[in-house]
Amino acid sequence: MNLRVGIVGLANVGKSTLFNALLKKQVAFAANYPFATIEPNVGVVPVPDGRLAKLAEITKEEEKMDKLPPVVPAVVEFVDIAGLVKGASEGQGLGNKFLSHIREVNIICHVVRFFPDPNIVHVAGDVNPERDREIVETELMLADLQTLTKQVEPKVNATKEDLARWKVIKNLKAGLDSGKLARDVVGDPQERLLVRDLQLLTMKPILYVANVSEKQLTNLQIDKLTMQPVLPICAETEAQLAGLSEDEQKEYLKSLGLAASGLDRLIQKAYEMLGLLSFLTTGVIESRAWTIEKGTKAPQAAGVIHTDFEKKFIKADVVSFDDFVANAGWKGSREKGLVRSEGKEYVVKDGEVIEFKIGT
């Protein structure tokens, strides 16, 4: 599965600057990984994972290859969603196009302006992050209320599921009317399933990106903000980083007291919020990371590689990344008894190196 992140925000909050930094990163990525799909409003970038290069080195030695196998990281698609204006839920600006694009993403990245700059006009007059957050969320809630209002009450011969669904819809209407987001109204997973087909915008998780100046990067008091979870990122810094070599990026980040770029931290936070992890495969063809949800069992993980693998799953040979590296690959790990043979009920964990056994 590919993670899809929708970048939203008001005009002049730095959304485009952030997305352009993504596009620069995408160009570098695509140069090395031609499988990446590039669309005008989509940035496809790799998930940071230093384990893959090590797997490739070990596989090269173990398989006596002339060169390293290709490294294929998991990817994230960032969707640049048209700038929001007040009244978008009623068709203002790009209206419906804006809303339809949000429905297609897994998580919303809401960019909110914190940086002061008299040369960049704020559409609402001054820098006020909480007000801006409320404008965007109000439009999302109004759009959801329109969706809910269109739903028809079940008839007399309705099924129990229809009646249960209607009850959830009524609760959602009441909650949204009182200013709550849909995900804060309905927390029960079973109830959420009943209305999943409605694709409610405020049911999606939201990660707030505080677009700050470089000076604010290290002194923004996050714990005092009402918007949570929030990630401070300087879009201008990200744009500069995108044009530097890997070594230059490390030096620049070190000078700012940061261990990773804002874009890398954003990806990691999105994974955490959505409960995602990566398992690893390696061989003469490639060393690769695959994205799955936490709690995924071995056959379903195999199905991410190829749908037939889930149907024809026999077992999975599993070893931890650390053991695989410490024992120079599959052979050494097997000799030490560190490779486990797991069946259909096994739950895959992050970073495990797996070799699936598939029937014919």
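**Figure 1. Parallel pairing of strands β5 and β6 in the predicted model.** In this predicted model, strand β5 (residues 107-113) and strand β6 (residues 206-211) are paired in the parallel sense over 6 bridges. Arg113 lies opposite Asn211 of β6. Helix α10 (residues 262-274) packs on the sheet and touches β1 (3-8), β2, β4, β5, β6 and β7. The direction of α10 makes about 170° with that of β7. Helix α4 lies across β5 and β6 and runs at about 145° to β5.

**Figure 2. The open sheet of 6 strands.** The strand order is β2-β4-β1-β5-β6-β7, and the pairing within this sheet is mixed. The edge positions are held by β2 and β7 (230-233); each has a single partner strand, so one side of each has no neighbour in the sheet. From one strand to the next, the twist averages 25°.

Figure 3. Strand β2 (residues 42-46) is largely enclosed by the rest of the structure, because 5 of its 5 residues are buried.

**Figure 4. Helix α5 and its buried residues.** Helix α5 (residues 160-177) comprises 18 residues. The distance from its first C-alpha to its last is 26 Å, close to the 26 Å expected at 1.5 Å a residue. The buried residues of α5 are Arg165, Trp166, Val168, Ile169, Leu172, Gly175 and Leu176. An α-helix has 3.6 residues a turn, so residues three or four places apart point the same way. The elements covering the buried residues of α5 include α4 (129-149), α6 (182-185) and α7 (189-194). Just after α5, Gly179 adopts a positive phi of about 95°.

**Figure 5. Packing of α4 against α5.** The axes of the helices α4 and α5 come within 10 Å and cross at roughly 150°. This angle makes α4 roughly antiparallel to α5, the cut-off for that class being over 145 degrees. The crossing in which α4 passes α5 is left-handed. On the α4 side, the contacting residues are Met141, Asp144, Leu145, Leu148 and Thr149. These meet Ile169, Leu172, Lys173, Leu176 and Asp177 on the α5 side. Among the α5 residues, Ile169, Leu172 and Leu176 are buried.

**Figure 6. Strand β9 with its partners β3 and β8.** Strand β8 (residues 276-282) and β9 pair in the antiparallel sense over 7 bridges, and a hairpin joins β8 to β9 through 4 residues. Phe279 stands opposite Trp290 of β9. Strand β3 (residues 71-72) pairs with β9 in the parallel sense over 2 bridges; here Ser287 of β9 is the bridge partner of Val71. Of the 7 residues of strand β9 (residues 287-293), 5 are buried, so β9 is largely enclosed by the rest of the structure.

How values were computed:
Residues are numbered from 1 along each chain as its sequence is written. This is a predicted model: local features need pLDDT of at least 70, side-chain atom pairs count only at pLDDT 80 or more; totals for chains, interfaces and linings use all residues. Side-chain values use heavy atoms; hydrogens and water are left out. The expected span of a helix is 1.5 Å times one less than its number of residues. Buried means under 20% relative accessible area, exposed over 50%, partly exposed in between (1.4 Å probe, protein chains only). Contact means heavy atoms within 4.5 Å. Axes are lines fitted to C-alpha atoms, for helices over the stretch in contact, and angles run from 0 to 180 degrees between N-to-C directions. Angles under 35 degrees count as roughly parallel, over 145 as roughly antiparallel, 65 to 115 as roughly perpendicular and the rest as oblique. A crossing is left-handed if the near helix is turned anticlockwise from the far one by less than a right angle, and right-handed if clockwise. Two strands pair if DSSP finds at least two bridges between them.
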